[in-house]
Amino acid sequence: DGNVNPYILTKILSFEKNNPKILDVGCWKWQLWKEVLSTRSDCVFSGIEKYASTSDAQAVGYKEVYPIDLHAPDTIRQIQEQYDIIVCWDVLEHTLEPERVLSELTMLLVPDGIILVSLPNICFIQNRLTHLLWSWDYAPDWVGGIMDNTHYRFFSLHAMRRLCMQSGWDSGRHAVGRHGFPIWGLARIR
């Protein structure tokens with residue numbers, strides 16, 4: 001598809017462990033899986049997607065998909081697997097309690113695992129200019145973007161760092177993805 005964030009893709013492709021188990025949170029279009037497996041075939045994907053079925057996931061190559069509503073507390077805890085990589089690619093802004101979701105996902109990581117988080121930056125220059133010109137319009141969810149009408153939360157760089165810290169993660173390392181969105185490679189706070 002070509003829409004996968006290049007930073008997230010690079011982190012997965014360069015992950016040193018063989019056969020890494022990856023949890024794709026919000027996997028509804030299977031884009032991450034398609035892109036990763038075109039280059040690295042040893043990854044084992046599972047996903048969280050409220051509206052997907054296990055048969056959908058298995059048809060495209062996911063080991064399992066969990067039909068979990070991220071708004072409901074403790075539903076993530078029903079997952080018994082542990083993962084090397086957890087990817088939250090433009091999904092936490094769609095949740096009511098992103099701190100809780102990120103904290104609960106942390107429990108699914110192996111000790112040396114990583115979480116990759118991508119969040120839209122509300123302070124992106126295009127948004128600032130649009131807002132300065134009195135144009136604060138939401139877009140339908142099928143259009144997407146920062147002003148997607150399914151976003152419950154908006155994040156600035158400061159808010160992103162605070163979210164990570166409140167969830168027990170050091171957010172000091174990030175890269176800028178397409179459209180100026182910071183992409184986080186999180187490290188556990190020791």
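How many helices and strands does the protein chain have? The protein chain has 6 helices and 8 strands.

1. **Basis.** This is a predicted model, in which local features need pLDDT of at least 70 and side-chain atom pairs count only at pLDDT 80 or more, while totals for chains, interfaces and linings use all residues. Residues are numbered from 1 along each chain as its sequence is written, and side-chain values use heavy atoms, with hydrogens and water left out.

2. **Layout.** From the N terminus on, the elements run α-β-α-β-α-β-β-α-β-α-α-β-β-β. Helices (H or I, at least four residues) and strands (E, at least two) are DSSP runs, numbered from the N terminus.

3. **Whole-chain numbers.** The protein chain has 190 residues, and 46% of them count as buried. Buried means under 20% relative accessible area, exposed means over 50%, and partly exposed lies in between (1.4 Å probe, protein chains only). The chain exposes about 9,700 Å², with carbon and sulfur atoms supplying 54% of it. Accessible areas come from the Shrake-Rupley method with a 1.4 Å probe; for residues, only the protein chains shown count as cover. Take the contacts in the chain with a separation of 6 or more: residues 24 or more positions apart account for 61% of them. Contact means heavy atoms within 4.5 Å.

4. **Strands 4 and 5.** Strand 4 and strand 5 run parallel, joined by 6 bridges. Two strands pair if DSSP finds at least two bridges between them. Tyr83 stands opposite Leu109 in strand 5. Why is strand 5 described as largely enclosed by the rest of the structure? Because 8 of its 10 residues are buried.

5. **Main core.** The largest nonpolar core has 25 residues. Such a core is a set of buried Ala, Val, Leu, Ile, Met, Phe, Trp, Tyr and Cys residues joined through side-chain atoms within 4.5 Å. Leu23, Val25, Ile48, Ile86, Leu92 and Leu105 have the most contacts inside this core. The elements that give two or more residues to it are strand 1 (21-25), strand 4, helix 4, strand 5 (109-118) and helix 6. A second, separate core has 21 residues, including Phe15, Ala52, Val87 and Ile114. In soluble globular proteins, nonpolar side chains tend to be buried together.

6. **Val25 and Val91.** Leaving out residues up to four places away in sequence, Val25 touches Ile48, Leu70, Ile86, Val87, Cys88, Trp89, Val91 and Leu105. Val91 is found in the loop between strand 4 (83-89) and helix 4 (98-106). Is Val91 buried or exposed? Val91 counts as buried, at 11% relative accessibility. Val91 and Ser118 are 27 residues apart in sequence, and their C-alpha atoms are 7.8 Å apart.

7. **Helix 6.** In helix 6 (residues 157-166), Ala159, Met160, Leu163 and Cys164 are buried. Seen down the helix axis, the buried residues fall within an arc of 135°, so they line one face. The arc is that of the directions from the helix axis to the C-beta atoms. An α-helix has 3.6 residues a turn, so residues three or four places apart point the same way. Gly168 follows helix 6, and its phi is positive, near 90°.

8. **Salt bridge Asp84–Lys17.** The count comes to 8 salt bridges, each a side-chain nitrogen of Lys or Arg within 4 Å of a carboxyl oxygen of Asp or Glu. In the pair Asp84 and Lys17, the closest N and O atoms are 2.7 Å apart. The pair links distant parts of the chain, 67 residues apart: Asp84 is in strand 4, Lys17 in the loop between helix 1 (6-13) and strand 1. Asp84 is buried at 2% relative accessibility. Lys17 is partly exposed at 39%.

9. **Two further pairs.** Lys50 and Asp69 form a salt bridge at 3.7 Å, N to O. Lys50 is in the loop between strand 2 (44-48) and helix 3 (54-60), and Asp69 is in the loop between strand 3 (64-66) and strand 4. Lys63 and Glu81 meet at 3.3 Å, N to O. This pair ties together parts that are 18 residues apart in sequence. Lys63 is partly exposed at 41% relative accessibility, and Glu81 is partly exposed at 23%. Lys21, Lys63 and Glu81 are linked in a network of salt bridges.
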